[in-house]
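Student: I'd like to learn how to read pockets and cavities in a protein model. Can we go through one together?
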Amino acid sequence: MSGHGTPIPMTSRPCGPLKGEAHVPGDKSISHRSLILGAMAVGETKITGLLEGEDVLDTAAAMRAFGAEVVNHGGGEWSVHGVGVGGFSEPDQVVDCGNSGTGVRLIMGAMATTPITVTFTGDASLNSRPMGRVTDPLALFGTQTVGREGGRLPMTLVGAANPVPAHYTVPVPSAQVKSAVLLAGLNAPGETVVVEKEATRDHTERMLQGFGATLTIDQTDEGRVITLTGQPELRPQTIIVPRDPSSAAFPVCAAIITPGSDVLVPNIGLNPTRAGLFATLQDMGADLTYENQREEGGEPVADLRARFSPNLKGIAVPPARAASMIDEYPVLSVVASFAKGVTDMQGVKELRVKESDRIDAMAKGLRAAGVAVDEGPDWWTVTGLGHGKVPGGVTVASVLDHRIAMAFMVMGMATQKPMTVDDGSPIATSFPIFESLMGGLGAQLVRANTA
Ligand code: S3P
């Protein structure tokens, strides 16, 4: 869990070139799914490279509470002894998912068609986020829900005793909602069908197929139609978690804006449903290349090389790319501050319901640091000042959001004066080695309010 302790103010000072290799942690999306599907398989799943961030550790604890045996063998090696589809037992305590929307929404789906009663809660950020987007489709299976006003946590779900399969068109581009419905479909008889108009990250589909479920995907005029046959016996797997492109985004963007930098970020998963930021940075004129491109475990992987890029230009980011880079807009807006001209980000209203309202959080911090931002309900623009021209020198709020905290720490590496966040502790939810990794490249991050 994060944000429950004493806030940790963190300052990033303008620094010299960033140089070296950045070995970022395992993919957060894949780590959550490995634990949950491992817990729903019969037998022992082995996981290497699991992200040991607070979000994923909360999911591991939840899977133990549901009866799975989850063991940390050290060095990123984990095993999960699963209880089978429909085999979850009822947790005897409230399940606390900390800061993690992915954790709580996927777990709700996974338990929704098993006749157990579970109460979920989280930190202040998670308890303010909408859960109706998940509990509405789960009701189609027969799951009952009682929550706070506006569909907020804490919330109790009563799993369906006699689940019926669902046919659901996801109304917002959300891999969490899609995944919750598919996981619920596992213990419903017959076929569960999920339709998404815009393709979102497809790790759940790939992994369900890997675990032996019958799942087909058809591209139709309606969108991407995913059909899952319920009540399979999931076979345990050996999973090697690729490194997280959303974490790679921070050293990559830091190198691009910090004069003289040359950073290699090896072994990054480049699933096309996740790689939109890197294409966008290239469109802006960033010196970013893919080296050693290969396939690993059915996913495209490459080493990213990012170098200081003095001639960045603002662009209109294609809205069709939004889902493939939804977590990367905060750090993209930082890069946009150092570009010449306007970066226009449209079709991004989902940013308003993440760990924070990310448009609001970034707009406030960027403006305080001297950068012009304009915004509407589902769009925002950043008017870049060019290299060496961004003032900085302020303390900004991280609002319990790891990606906001890291984005402003990256910004402080290239502003005229240091940038401080009021609380860097949320960084531990997804990137617990952020400070040491960035420090090893040459960044100057300190845990004190010295701006
Ligand atoms: C995630 C899906 C995305 C993303 C989140 C991880 C996932 O959320 O923002 O960090 O692992 O399924 P939405 O499904 O709300 O878009």
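Tutor: Start with where the lining comes from: the largest pocket draws at least three lining residues from each of domain 1 (10-23 + 242-446) and domain 2 (28-216), with domain bounds taken from an automatic or database domain assignment. This is a predicted model, where local features need pLDDT of at least 70 and side-chain atom pairs count only at pLDDT 80 or more, while totals for chains, interfaces and linings use all residues. Residues are numbered from 1 along each chain as its sequence is written, and side-chain values use heavy atoms, leaving out hydrogens and water.

Student: What is the volume of the largest pocket?

Tutor: On a 1 Å grid over the protein atoms alone, a pocket is an open set of points with protein on both sides within 12 Å along at least five of seven lines, a cavity is a set where a 1.4 Å probe fits but cannot get out, and lining residues have an atom within 4 Å of a point. Points are joined across faces, edges and corners, and a volume is the space filled by probe spheres set on them. Here the largest pocket has about 670 Å³. It has 30 lining residues, and Ile 30, Ile 239, Ile 240, Val 241 and Pro 242 are the closest to its centre.

Student: And how many cavities of 30 Å³ or more are there?

Tutor: The search of the whole structure finds 1, with about 40 Å³ of space in the largest cavity. Ile 30 and Pro 242 are among the residues lining that cavity.
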